[in-house]
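Please look at the sequence and the structure below before reading on.

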Amino acid sequence: MGRQTTKRPQTPRKEPRQARSRFLVETIVEAAARVFDEHGYDGANTNRIARIAGVSVGSVYQYFPNKDALVTALHERHVRQMLRLLEQVGAVDGGASLREATEVLVARGLEVHRTEPRLQRLLHADLPTLEQRRALSAASQAVFDSTRQLLSRHSAEIAQPDLELATYVVLRMFEELVHAAALDPPPGVEEGGLRRAISDALIGYLTVAAPRTPAGSPPEPAYP
């Protein structure tokens with residue numbers, strides 16, 4: 001993609017403290033989302049972003065020293081979108097079953113990932129190193145906690161004994177399957193079938209516990 005690999009700051013220059021500063025940063029990030037989605041990584045530049053945001057180029061550089069810092073902010077924006085999605089599903093969960101909650105989460109997750117498709121591909125396919133930095137994100141931790149709470153409310157339906165591990169696995173499965181379905185869907189598969197397949201995979205993992213080999217016992221042979 002022509003992306004530079006030199007070590008440059010990849011995080012905002014400073015954190016906005018006041019409401020006006022936070023609004024300015026949000027405006028710049030939303031403008032960056034439009035520009036990256038329309039022009040890709042190579043076609044995006046601070047002049048375009050500043051023009052869309054209606055601010056000076058200096059205002060952009062005040063908070064974002066380069067494009068990588070903006071992409072990092074866009075990834076964090078996406079994580080916050082997923083957090084809001086989890087919170088919405090949790091708020092309407094009520095008496096819903098695990099399957100019903102999962103199907104809603106998958107359907108809405110696909111909607112989120114199909115918005116701004118070029119930007120989504122940039123975040124999830126073209127720049128995989130962003131995924132390695134998520135552990136540092138407070139929003140990413142909040143996504144994990146919110147997912148764990150959602151699963152905890154359905155603990156009677158879940159066969160996996162370790163809820164922390166189940167949360168990790170479910171999140172990774174959800175991300176990989178939803179990203180792939182949104183960015184590279186299988187040809188000839190209708191939408192309802194695709195959503196059901198993803199939901200089935202998640203539900204299958206959660207509700208079917210793998211047989212355990214007693215400690216000290218040799219594993220059973222794979223073939224007779």
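Helices (H or I, at least four residues) and strands (E, at least two) are DSSP runs, numbered from the N terminus. Counted in this way, the secondary structure of the protein consists of 10 helices and 0 strands. From the N terminus on, the order of elements is α-α-α-α-α-α-α-α-α-α.

The model is predicted, so local features need pLDDT of at least 70 and side-chain atom pairs count only at pLDDT 80 or more, while totals for chains, interfaces and linings use all residues. Residues are numbered from 1 along each chain as its sequence is written, and side-chain values use heavy atoms, with hydrogens and water left out.

## The chain as a whole

A residue is called buried under 20% relative accessible area, exposed over 50% and partly exposed in between (1.4 Å probe, protein chains only). Of the 224 residues of the protein, 42% are buried. Contact means heavy atoms within 4.5 Å. Among the contacts between residues at least 6 apart in sequence, 75% join residues at least 24 apart.

Two pairs of residues give examples of separation along the chain. Thr-72 and Leu-123 are 51 residues apart along the chain, and their C-alpha atoms are separated by 8.7 Å. Thr-72 belongs to helix H4 and is buried, with 17% relative accessibility. For Glu-103 and Ile-198, 95 residues apart along the chain, the separation of the C-alpha atoms is 8.5 Å. Glu-103 is part of helix H5 (residues 98-114) and, at 33% relative accessibility, is partly exposed.

Axes are lines fitted to C-alpha atoms, for helices over the stretch in contact, and angles run from 0 to 180 degrees between N-to-C directions. Angles under 35 degrees count as roughly parallel, over 145 as roughly antiparallel, 65 to 115 as roughly perpendicular and the rest as oblique. A crossing is left-handed if the near helix is turned anticlockwise from the far one by less than a right angle, and right-handed if clockwise.

| Helix pair | Axis distance | Crossing angle |
|---|---|---|
| H1 (residues 19-43) and H2 (residues 46-53) | within 8 Å | roughly 140° |
| H1 and H4 (residues 67-91) | within 10 Å | roughly 110° |
| H5 and H9 (residues 163-183) | 9 Å | about 55° |

The crossing of H1 past H2 is right-handed. On the H1 side the contact includes Thr-27, Ile-28, Ala-31 and Phe-36, and on the H2 side Arg-48, Ile-49, Ile-52 and Ala-53. Residue classes can be given as well: Ala, Val, Leu, Ile, Met, Phe, Trp, Tyr, Cys and Pro count as nonpolar, Asp, Glu, Lys and Arg as charged, and the others, Gly among them, as polar. The contact of H1 with H2 has 8 nonpolar, 3 polar and 2 charged residues.

The axes of H1 and H4 cross at roughly 110°, and H1 is roughly perpendicular to H4. H1 passes H4 in a left-handed crossing. Among the residues that make this contact are Ile-28, Glu-30, Phe-36, Tyr-41 and Asp-42 of H1, together with Lys-67, Leu-70, Leu-74 and Arg-77 of H4. By class, the contact of H1 with H4 holds 10 nonpolar, no polar and 5 charged residues.

H5 and H9 are oblique to each other, and H5 passes H9 in a right-handed crossing. Leu-105, Val-106, Gly-109, Leu-110, His-113 and Arg-114 of H5 meet residues of H9 including Phe-174, Val-178 and His-179. The contact of H5 with H9 divides into 8 nonpolar, 3 polar and 1 charged residues.

## An aromatic pair and a loop residue

Rings of Phe, Tyr and Trp (its six-membered ring) pair if their centres lie within 6.5 Å; planes under 30 degrees apart count as stacked, over 60 as edge-to-face and the rest as tilted. The rule gives 1 aromatic pair. The pair is formed by Phe-36 and Tyr-41 and is tilted, at 6.3 Å centre to centre and 40° between the planes. Phe-36 is buried at a relative accessible area of 0%, and Tyr-41 is buried at 4% relative accessibility.

Where does Glu-116 lie? Glu-116 lies in the loop between H5 and helix H6 (117-126). Its phi is near 55°, a positive value in a residue other than glycine. At 17% relative accessibility, Glu-116 is buried.
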